[in-house]
Amino acid sequence: MTVKYLIRTFVFAALLLASSGSLADMRGSGDLGVIIERASGSIQIIETTNRTKLFSVEGLGDLSHASVVFSRDQRFAFVFGRDGGLTKVDILTGKIVKRVVQGGNAIGGAISQDGKLVAVSNYEPGGVRVFNSQTLEMVADIPAEYDGGLLSKTVGLVDAPGNKFIFSLYDAGQTWIADFSASNTPVITKFTDIGLLPYDGLITPDARYYIAGLFGEDGMAMLDLWHPEKGIKRILDGYGRGEEPLPVYKMPHLEGWAAAGGNIFLPAIGRYEVLVVSASSWKEVARIPVHGQPVFAMARPDGRQVWVNFAHPKNDVLQVIDVDTMSIIKTFKPGRAILHMEFTPRGEQIWVSVRDRNVVEVYDTTTLEKITELPVDTPSGIFLSARASRMGL
Amino acid sequence: MMKMLSQSPARNVFISAGLFFLLLAFSVPAAGTEQDPEPKRQRELIHLLVQDCGSCHGLTLKGGLGPALLPQDLEGKDNEYLSEVILEGVPGTPMPPWNVEITENEVRWLVRRMKEGEINDR
């Protein structure tokens, strides 16, 4: 080993240290998260241990309805913007690593089981595009073609075991599985006639069932991923039949579908209710009357509480359901436009976006008291890095 | 019943019926009601348009689950038709009726504003 080599190595190491900050500054990323600043096209990177803001990152385009997935090492956030922008952000340094505009009008994304692929679901052009998560180069384009050439908006994109992506076609009433286990040329399985106007989809936390919400009918479409050959099954058919549904001012989200106590809690469509459905029989067990049309029903990780927010014009209220007694134990009024909430990984805190007050509030979920609030410009989605290790998120 | 009207024919009948009544309503000259909403209410309406309509039509109204509502998309579409859709919604689709929150006078102003474009909520 030459002296020159040693010196070079030393200089290189020193440079590396200098560029990434000193060892004392090093930290993990398991308690970090991203908050979307909806109107300004920026994000904040926050940490939930001391509840502070670390960075503000600008230049991410149109972030209405933006969503985020994390790399498996929890270092990078992939931010999906409405304008088709896909931005990879290093959450430890607060820098944009790479940004591509991949489509005209995107709705959400997912990361594959092996972490190598990032998929984006597009309204325009209707379909799903899949990218190399390292380079953001496109590796597959899956146009959502139906009826001889029409393109459907795609919704409810999730990842599934076996390096698959699953999504639904809003205009066509179909669900597709794109299997990337063999190569980057996916094997596509199509399920047709799943029902009218699927508007969102989710995979259960155990990654066994894919369920699409149907706007055009009273029920949901379910696929058992252990037995895809059995096809789509309709569940909750006819719930609320015979009642006039109320108008829905914001589409409910299925992503936060709360599994708690052997049941699943989900927002009813067009009703001021949270539905409780048995996770084994898929039959309705109860309905809990709530303040408005629920948008998200989120279970605390231990399953003891479900927190619910509501659609316009009742979106200034947040309610907490006790799963044990299936009753509301607390009603908060934090301000107009409560758009999203997220629990810390073990559920001791919940972070809540209050858009019109330009704050994110943090509550202690045991005392149900507010701990603090952080200034955030028109906050919407809150995404914590622990999502990296959960299927379907 | 939640079983919705099947897609087009029923809907067209519905819309044309709605249009007919709207036309009827407008053929009777209303005394001095054609006034723009107050500036404060205008700001509220723009806020509603960007934030709440925006959740389905895109914050910049470039389209989302619902179609794009930019001037070039609305050009050539009848103001009465657009007002009717906004007030009554489109049954069988996610487009909800807004008549609880927006008056007929306000919706006419809103539609004119949408056709002008350059909408900014700040």
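Which helix of chain B do the buried residues of helix 2 of chain B pack against?

1. **Ground rules.** This is a predicted model, where local features need pLDDT of at least 70 and side-chain atom pairs count only at pLDDT 80 or more, while totals for chains, interfaces and linings use all residues. Residues are numbered from 1 along each chain as its sequence is written, chains are lettered from A and ligands numbered from 1 in the order in which they are written, and side-chain values use heavy atoms, with hydrogens and water left out.

2. **Chain B at a glance.** Chain B has 5 helices and 0 strands, and from the N terminus its elements read α-α-α-α-α. (Helices are DSSP runs of H or I with at least four residues, strands are runs of E with at least two, and both are numbered from the N terminus.) Of the 122 residues in chain B, 41% count as buried; buried means under 20% relative accessible area, exposed means over 50%, and partly exposed is in between, using a 1.4 Å probe and protein chains only. Take the contacts in chain B between residues at least 6 apart in sequence: 63% of them join residues at least 24 apart. Contact here means heavy atoms within 4.5 Å.

3. **Helix 2 of chain B.** Here is the reply to the opening question: the buried residues of helix 2 of chain B pack against helix 5 (104–116) of chain B. Among those buried residues are Leu45(B), Ile46(B), Leu48(B), Leu49(B) and Val50(B), as well as Cys53(B), Cys56(B) and His57(B). Helix 2 (residues 39–57) of chain B also has a kink of about 30 degrees, centred on Leu49(B). The bend at a residue is the angle between two fitted axes, one for the seven residues ending there and one for the seven starting there. After helix 2 of chain B comes Gly58(B), with a positive phi near 90 degrees.

4. **Gly54(B), a spot to look at.** Gly54(B) sits in helix 2 of chain B and is buried, at 0% relative accessible area. Leaving aside neighbours within four places in sequence, Gly54(B) is in contact with Arg82(A), Leu49(B) and Leu59(B). From Gly54(B) to Gln35(B) is 19 residues in sequence and 26 Å in space, C-alpha to C-alpha.

5. **Helix 4 of chain B.** Helix 4 (residues 79–88) of chain B packs with helix 5 of chain B at an angle of about 120 degrees, and their axes are 9 Å apart. That makes helix 4 of chain B oblique to helix 5 of chain B. As for the cut-offs, angles under 35 degrees are roughly parallel, over 145 roughly antiparallel, 65 to 115 roughly perpendicular, and the rest oblique. On the helix 4 side, the contact is made by Asn79(B), Leu82(B), Ser83(B), Ile86(B) and Leu87(B); the partners from helix 5 of chain B include Val107(B), Val111(B) and Met114(B). By class, this contact of helix 4 with helix 5 of chain B has 6 nonpolar, 2 polar and 4 charged residues. (Ala, Val, Leu, Ile, Met, Phe, Trp, Tyr, Cys and Pro count as nonpolar, Asp, Glu, Lys and Arg as charged, and the others, Gly among them, as polar.)

6. **How enclosed is helix 4 of chain B?** Helix 4 of chain B is largely enclosed by the rest of the structure, because 7 of its 10 residues are buried. Those buried are Glu80(B), Leu82(B), Ser83(B), Glu84(B), Val85(B), Ile86(B) and Leu87(B). Next after helix 4 of chain B is Gly89(B), with a positive phi near 75 degrees.

7. Most residues other than glycine have a negative phi, and most peptide bonds are trans. Glu124(A) and Pro125(A) are joined by a cis peptide bond, with omega about -5 degrees, and Pro125(A) is in the loop between strand 9 (117–124) and strand 10 (127–132) of chain A. Another cis bond runs from His312(A) to Pro313(A), with omega near 0 degrees. Gln74(A), not a glycine, has a positive phi of about 65 degrees and is buried at 16% relative accessible area. Asn358(A) has a positive phi near 55 degrees, and at 32% relative accessibility Asn358(A) is partly exposed.

Definitions and conventions:
Axes fitted to C-alpha atoms, helices over the stretch in contact; angles between N-to-C directions.
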